Amino acid sequence: MSEKGLQAAQQKMAAKGVDQNAINVFTHYYRELEAGATGLIPEETIDPLTEVQSLDSTPVSDEQAKEAIQKTVYIKLNGGLGTSMGLDDAKSLIPVRDGKSFLDLICQQVRAVRQNWDATLPLLLMDSFRTQESTLRALENYPDIKVDGLPLDFLQNQEPKLRTDNLEPVQWPADPSLEWCPPGHGDIYTALLGTGLLDKFLEAGYRYACTSNSDNLGGYPNPHIAGWFAASGAPYAAEVCERTPADRKGGHLARRKSDGQLILRDTAQTPKEQMHFFTDEHRHPYFHTNNLWFDLQVLRDTLVQRKAVLGLPLIRNKKTVDPTDKNSTEVYQIEAAMGAAVQSFPGATAILVGRERFLPVKTTSDLALVRSDVYELTADARLVSQVEEAPFVQLDPDYYKTIAQFEERFPKGVPSLKKATSFVVEGDWTFDEGVTIEGERKIDGAGSPGEVLQ
């Protein structure tokens, strides 16, 4: 039954023009799924990572930083849509500060590093078919960003969603585009090989790559981290931050007991009955930022040797073919996490960085925080915290979930949060200009719908 499904999936991918390397990787994961793999990493198979080298305690000279950043390419994951915030376009186009989008600020960060460190620093975006057109159109505002001989972006691969009952590619005539899904951001390595970019980078004299999510403005290309990575001689490195109760859902690194190798574990890879271990910030004190550094030569050689199959842990996501219709056909989406590649390289390591390296925007609550006066936008387009610890922000999703709802209720901008420790809003409130939040503040639904808070 499943052999038929695999052949059908392979043929469907080939007919779509999917690169053979991506088909090889899909085949590997299909076999694992067929064998009953769940991708789970039980607590008893790992040891918590309790000690990590800190960037603050690692001396890196300006000369080392300059030499390393001049050999570095900068890759941003840009395949996500802003659907969770009511948008059907690239998430990186959401305005963040002063009318500037994530993409605007990313380009300005790259410009600043190039100027300050005399570096070429190519910027490449890993787009999806849904984000490519609008992203490239927006990049027309930055004609200087493109580096000769290299593209501005490359496309994430596609793979068929599989029926859970027989592991065959799902058919959905109502909208055939829903028959396809991305393979997770672990596809970055496969895509870099299949597009020939790894060879182009190396031929042009680049040796290192740093990558992060496009919605994380904290993950800018830091030359001193580049210098540390080059000096370490490691093939691969992950940035981690100290965990707080607010980070309990974030993935963490651990050491596999069987061989001592560093691995990444996400929530989807944790048995449900062991989630209390996963969420214990004292047991697992560091979380994974998804800011990564890797040696381009080692990556290329490893991928060629393994025919593109790094063997990253399977993430089996069970969904419906139409995400908006819970009664539509149930499917598996086979995915892998980019950060899971830490287990594929002996000698891979981690570096402890400050919280300023992790500023993701997943919800409008996150957006309110980065738009507030808690952060200052510097001349080199970095968001720098003005307080010792950022406040907790939680906006009622019934009224603030989408960007349109958010903008309607903050027409004059987000309140001052510099003196706040928490800002929780329940109910439908509109905020006037000049509102200041101090200490722990909870605004509940006692007011009338749409009441203006001054």
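Strand E2, residues 72-78, is mostly covered, with seven of its seven residues buried. The model described here is a predicted one.

E2 pairs with two strands discussed here. With E10 the pairing is in the parallel sense and runs over six bridges; within it, tyrosine 74 stands opposite cysteine 210 of E10. With strand E5, residues 123-127, E2 also pairs in the parallel sense, over five bridges, and isoleucine 75 has leucine 124 of E5 as its bridge partner.

The UniProt record, an unreviewed entry, places the feature "binding site" at Lys91, Gln156, Gly184, Asp215 and Lys362. Of these, aspartate 215 is found in the loop between E10 and helix H8 (223-232), and glycine 184 in the loop between strand E9 (180-181) and helix H6 (187-194). The table sets out these two residues.

| Residue | Loop between | Relative accessible area |
|---|---|---|
| Glycine 184 | E9 (180-181) and H6 (187-194) | 13% |
| Aspartate 215 | E10 (208-213) and H8 (223-232) | 5% |

Glycine 184 counts as buried because its relative accessible area, 13%, falls under the cut-off of 20%. Aspartate 215, at 5% relative accessibility, is likewise buried.

The contacts of both residues include other positions of the annotated feature. Leaving out residues up to four places away in sequence, glycine 184 touches Gln156, Glu335 and Ala336; Gln156 is among the positions that the UniProt record lists. With neighbours within four places in sequence set aside, aspartate 215 is in contact with Lys91, Phe102, Leu359, Pro360, Val361 and Lys362. Lys91 and Lys362 both belong to the recorded feature.

At the level of the whole chain, the domain assignment gives domain 1 (1-357) and domain 2 (364-452). Their C-alpha centres lie 30 Å apart. Contacts across the boundary involve 15 residues of domain 1 and 15 residues of domain 2. The two domains bury about 1300 Å² between them, 65% of it on carbon and sulfur atoms. On the domain 1 side, Met85, Val96 and Arg97 lose the most area to domain 2, together accounting for 42% of what that side buries.

Definitions and conventions. Residues are numbered from 1 along each chain as its sequence is written. This is a predicted model: local features need pLDDT of at least 70, side-chain atom pairs count only at pLDDT 80 or more; totals for chains, interfaces and linings use all residues. Side-chain values use heavy atoms; hydrogens and water are left out. UniProt positions are given in the numbering used here, feature names are shortened, and annotations may be inferred rather than shown by experiment. Helices (H or I, at least four residues) and strands (E, at least two) are DSSP runs, numbered from the N terminus. Buried means under 20% relative accessible area, exposed over 50%, partly exposed in between (1.4 Å probe, protein chains only). Contact means heavy atoms within 4.5 Å. Two strands pair if DSSP finds at least two bridges between them. Domain bounds come from an automatic or database domain assignment. Buried area is the accessible area (1.4 Å probe) that two parts lose on being put together, summed over both.
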